[in-house]
Each structure stands twice: as C-alpha cells, then as structure tokens.
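Subject: Structure for you to look at

Hello,

Please find the structure below. My notes on what was found in it follow.

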Amino acid sequence: WMIIAIAAAQVALLAFIAGQREWVLNTGRTVWLRTAPVDPNDPMRGAYVSLRYEVSRVPRELCRDGVAIWMDELRKTDADWQVRHRREAAWRDHEVYAVLREGSDGLAELTALTDRRPAAGLYLRGRVSWADAESVGVRYGIEALFLQQEKAKQLETDAARRARESGVRLDAEVAVSGSGLAVLKGSRWEALGITLEVE
C-alpha cells in the first residue's frame, strides 16, 4: 500500500504541474519577449531550442528593494572573492519578480526586478541564477522550447542566418498567470531588423 500511495502521489503531482501550466496557457495574459536562440540537444527529452531573453540579464539600475541592497553588498565585496562568493550563493535560486510594461510595438519591456511580489500589474516570477557587480541573471522556466528535431534545427539555422544577414530577432509568445507563472505558447520573427557593419 505504501508503494501504491507513493506512486499515486507522484502521478498526482505531475498531473497538477501539467494542469497548472495548461490552465495558464489557456487563461493567462499573452505577452511577447525578445529572445536570442541557440540549439542544444537533450538525450532524454530530445531536440529543443534554448531561449535567452533580454529580461534574463537585469542591469543594476533596474534592481529594486532587497535585490538592489544585495547588489550594493556585492559591489562592496569585489576585492574579497570568498565573501563575494558566499553572498552570491546565498541569493542563488532566490525568488524574484520581473515587472514588465507592454511597449507600443507589442513587446514587453522590463521596468524593475524586485524580491517583493507586486500587488498588481504584469510581472514574471523567476529565480536568480548568477550575479556580478553590474547585473543579475534570472531564469523564468521558459528557457527551453521543445520541438521536433528537424524543426529545432531549422529554427536555430534561421535564427543565425536572419541575425547575421538582416538583424531580425525572434520573439517568444508567453502566457503569464496572475501570480507571474510563465508558459511558452509560440514564436514569431520580427518584421524589421538592424545590422551593424564596421569598416
């Protein structure tokens, strides 16, 4: 009975996680985030496109509340790497909230990163993955877009070619719940791009 109860609890947990994300996918607010894709491969889960977002690297200027205090402490301990390492480790996986504003072009823009949950408005719930004196890295649980192997390779190839030739970027469509939980819905190519050529 104990084994059956443990197995049932695991199945129930997986069903809850899947159901929660399906609910967000169907009822959450949809926003677009600018990405920079690369194409790794996971032997257990198959081909996927790894997505990095502009909101994944947050500059010190946009940090608020406890995150700003922590960044100031990191700046003060630049010389002592052991103290710095302990302070970085203390905040790793700490829950943070990226406050967003929808721009005129439909893309969501980061306005602040805080460790206090916003009372209202559009925000993403994430976790600190790394930090240095100037910025904080945040992951939101939407960094992997699983596709068929051929589609994943095609997307990565298209992204590299479009970025190189015309500066066109890939945007991810993300559904966001009222609690900041994000779920990937799809993607699109931006209409225009910009390239810089140094002579």
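**Notes on the model**

Asp 93 counts as partly exposed, at 39% relative accessibility; here buried means under 20% relative accessible area, exposed over 50%, and partly exposed in between, with a 1.4 Å probe and protein chains only. Asp 93 is found in the loop between helix 3 (81-91) and strand 5, where helices (H or I, at least four residues) and strands (E, at least two) are DSSP runs numbered from the N terminus. Its phi is near 70 degrees, a positive value in a residue other than glycine. Asp 65 also has a positive phi, of about 55 degrees, although it is not a glycine. Asp 65 is found in helix 2 and counts as partly exposed, at 31% relative accessibility. For background, most residues other than glycine have a negative phi.

This is a predicted model, in which local features need pLDDT of at least 70 and side-chain atom pairs count only at pLDDT 80 or more, while totals for chains, interfaces and linings use all residues. Residues are numbered from 1 along each chain as its sequence is written, and side-chain values use heavy atoms, with hydrogens and water left out.

**Confidence and overall content**

The mean pLDDT of the chain (the predictor's confidence in each residue, from 0 to 100) is 77, and 72% of the residues reach 70 or more. Where pLDDT is low, the predicted coordinates should not be read in detail.

The secondary structure comes to four helices and eleven strands. Of the 199 residues of the chain, 39% count as buried. Among contacts between residues at least 6 apart in sequence, 63% join residues at least 24 apart.

One pair of residues shows such a separation along the chain. Thr 27 and Gly 178 are 151 residues apart, and their C-alpha atoms are separated by 9.8 Å. Thr 27 lies in helix 1 (residues 2-27) and is partly exposed, with a relative accessible area of 44%.

**Strands around strand 8**

Strands are said to pair if DSSP finds at least two bridges between them. Strand 8 (residues 135-139) pairs with strand 7 in the antiparallel sense over four bridges, and a hairpin of three residues joins strand 7 to strand 8. Within this pairing, Val 128 stands opposite Val 138, and the bridge partner of Trp 130 is Gly 137. Strand 4 also runs antiparallel to strand 8, and three bridges join them; here Pro 59 stands opposite Ser 135. Four of the five residues of strand 8 are buried, so this strand is largely enclosed by the rest of the structure.

Strand 7 (residues 123-131) also pairs with strand 5, again in the antiparallel sense, over five bridges. Glu 95 stands opposite Arg 127 there.

**Core**

A nonpolar core is a set of buried Ala, Val, Leu, Ile, Met, Phe, Trp, Tyr and Cys residues joined through side-chain atoms within 4.5 Å. The largest one has 34 residues, and Val 136 and Val 174 have the most contacts inside it. Helix 2 (residues 65-76) gives the most to this core, with five residues. Leaving out residues up to four places away in sequence, Val 136 touches a set of residues including Val 58, Val 67, Trp 70, Met 71, Leu 113 and Trp 130.

**A buried aspartate**

Asp 171 has its place in strand 10 (residues 170-176). It is buried, with a relative accessible area of 1%. Apart from neighbours within four places in sequence, Asp 171 is in contact with residues that include Trp 32, Arg 34, Leu 107, Arg 188 and Glu 190.

**Second largest pocket**

Residues including Arg 34, Glu 54, Arg 57, Asp 105, Leu 107 and Glu 109 line the second largest pocket. Strand 6 gives the most to this lining, with three residues. The elements that give two or more residues to it are strand 4 (57-59) and strand 6 (108-114).

Regards

Technical notes. Contact means heavy atoms within 4.5 Å. On a 1 Å grid over the protein atoms alone, a cavity is a set of points where a 1.4 Å probe fits but cannot get out, and a pocket is an open set with protein on both sides within 12 Å along at least five of seven lines; lining residues have an atom within 4 Å of a point.
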